[in-house]
Structure formats: C-alpha cells, structure tokens
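Okay, thanks for making time, everyone.

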Amino acid sequence: MRNPIPILMYHQIDTPPAKGTPMRGLTVSPVSFRRQMALLSTLGYHGLSMRDLEPYLDERRRGKVFGITFDDGYRNNLEHALPELQRHRFTATCYGLSGLSGGCNQWDAEIGVPQKPLMNDDDWRQWLAAGMDVGSHTRYHLDLTTQDDATAKAEIQESKNELEQRLGAEIRHFCYPYGRFSERHQHMVREAGYVTATTTRRGRVAENDDRFALRRVLVAKSTDPLRFWIKIATAYEDRRG
C-alpha cells in the first residue's frame, strides 16, 4: 500500500485581516505560503494540481507528491501564490465559481467577512497559461444540501460547461461549497463528467478512498511550520468517520 497523499486546502493567500474578523484563519500570509512551499521543495516533495495528481490517485504512478488546491478563486491566489508555485515548478488547482467571475465573495458578506475580488476570465486564462489547473466550485457557491435536486444539478453541471466554454480548458475536478454534500450530490458530480471531488473533511488520501469525497489537509493562518509538517508527514490529520 502506497503512502497517503496529502491534498492541501487553501483559500486566500494575502495579508490576514484584523483580529476578530470572521473567517480570518482562512487567509494565509504570502510569507507563510512561501515558507511552506520552500520547505516541501527542500524535502523533495513535488506539488501537483488535481489534474497532475490523477495518475498518483489511480496508482499509475508513485512518488513523493502532494496536491495543492485553492477554494473560491480569489485574485490574491494569482498575485501571491502563483509566483511561488512557479518558483518551485509546482502546479495547483484553483476552484472557481462560474457565475461570479470578476465578482467577490458575496456569500460571506452577511457574516462580516471582508469582500475580496475573485479572478475574472482574463485572470483565469493567465492562471491556465502558467500551467495551473481550474476546477469548479459551482456557479454561485450555494450550499448544495439546502437546494432541490434541479438546482443542485444545474450548479454542478452548468459551472463545468460555462468554465469550459469561456476558458477553452477541460474542467475535470470539483469542490463542494462549504464542504457540504450527500451521496446524491456525489452521483450528480460523477454524472456531470468530473473525475474527482474534494471536501473539507480532514485527512490525507488513502488507497481506495472515494474519488468523489476526497479528504484534504487544511492550511490556516495559524498553521506554523512544525504543525504544517506534522499535518503532511504523519497520521495527525487521518481521522476517519
């Protein structure tokens, strides 16, 4: 049995907002991100997008690899994360919202999260041209578990179609908004033509894990270098259930 594969889950790479700001922990500073990528590179790991991770998930290849994902498609991923990814020749997947291209994180506004710009279509093309991957995060970041089946199917399928048409790239990977889903939604994602779906459930990917309910390793503002290493290299995150 191969070693578990960690898939890192990031959101924003930017200067964290003031203390007390809701969801502050999901913003990782550019300095911390730089150090994290440098550490893994120095230790011989290779960071891969979900697209490039496919043969490792399918056991067609083996190696010292980890996945890199960014949820929501913030422009600060392009500004602050991309240069570091390129520095180490890593690739990454950024999950975008086809209905909010060039908009902001409006789904967070009611709870007081600072509004930050999302990538527009030109930004997405720049991301792709740099060798990165684009995945789908639905159209409008709706909680699928609160939607009727018709709406959920449209969010899953139409986001794929819209991104592919506008960006001219195949969209193979999906991420559940808020990490919320059911077996019904897993089936919808599979039927829409995706090959994986990621969740917010903690853990590294183990052999025979469901490809439409992949666990990830959250990297937060508070993840110091030691904790970062422990999350990736040990069973710390591998809590099943």
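Let's start with H1 and H7, which pack at an angle of about 50° with their axes 11 Å apart. Axes here are lines fitted to C-alpha atoms, for helices over the stretch in contact, and angles run from 0 to 180 degrees between N-to-C directions. Helices (H or I, at least four residues) and strands (E, at least two) are DSSP runs, numbered from the N terminus.

Before I go on, the housekeeping. This is a predicted model, so local features need pLDDT of at least 70 and side-chain atom pairs count only at pLDDT 80 or more, while totals for chains, interfaces and linings use all residues. Residues are numbered from 1 along each chain as its sequence is written, and side-chain values use heavy atoms, with hydrogens and water left out.

Back to that pair. H1 and H7 are oblique to each other, because angles under 35 degrees count as roughly parallel, over 145 as roughly antiparallel, 65 to 115 as roughly perpendicular, and the rest as oblique. The crossing of H1 and H7 is right-handed; that's the label if the near helix is turned clockwise from the far one by less than a right angle, and left-handed is for anticlockwise. Who makes the contact, meaning heavy atoms within 4.5 Å? From H1 you've got Gln-36, Leu-39 and Leu-40, and from H7 Pro-225, Phe-228, Trp-229 and Ile-232.

Next pair: H3 and H4 pack at about 15°, axes 11 Å apart. That makes H3 roughly parallel to H4, and their crossing is left-handed. On the H3 side we have Arg-75, Asn-77, Leu-78, Leu-82 and Leu-85, meeting Asp-123, Gln-126 and Trp-127 of H4.

Then there's H5 and H6, at an angle of about 35° and with axes 10 Å apart. H5 passes H6 in a right-handed crossing, and the residues that meet include Ile-156 and Lys-160 in H5 and Met-188 and Val-189 in H6.

So what about the core? A nonpolar core is a set of buried Ala, Val, Leu, Ile, Met, Phe, Trp, Tyr and Cys residues joined through side-chain atoms within 4.5 Å, where buried means under 20% relative accessible area, exposed over 50%, and partly exposed in between (1.4 Å probe, protein chains only). The largest one has 43 residues, and Leu-8, Tyr-10, Phe-70, Leu-85 and Trp-127 touch the most other members. Among the elements that each supply at least two residues are strand E1 (7–10), helix H1 (30–42) and strand E5 (65–71). Leaving aside residues up to four places away in sequence, Phe-70 touches Tyr-10, Leu-85 and Trp-127, among others. A second, separate core of 12 residues includes Leu-48, Met-50, Leu-57 and Val-205.

Over to the strands. E10, residues 214–218, has four of its five residues buried. Two bridges join it in parallel to E1, and E9 (residues 196–202) also pairs with E10 in the parallel sense over two bridges; two strands pair if DSSP finds at least two bridges between them. Leu-8 has Val-217 as its bridge partner in E10, and Arg-202 has Arg-216.

Thr-138 has a positive phi of about 80° although it isn't a glycine, and at 0% relative accessibility Thr-138 counts as buried. Tyr-178 also has a positive phi, near 60°, but Tyr-178 is partly exposed, at 33%.

Key:
Contact = heavy atoms within 4.5 Å.
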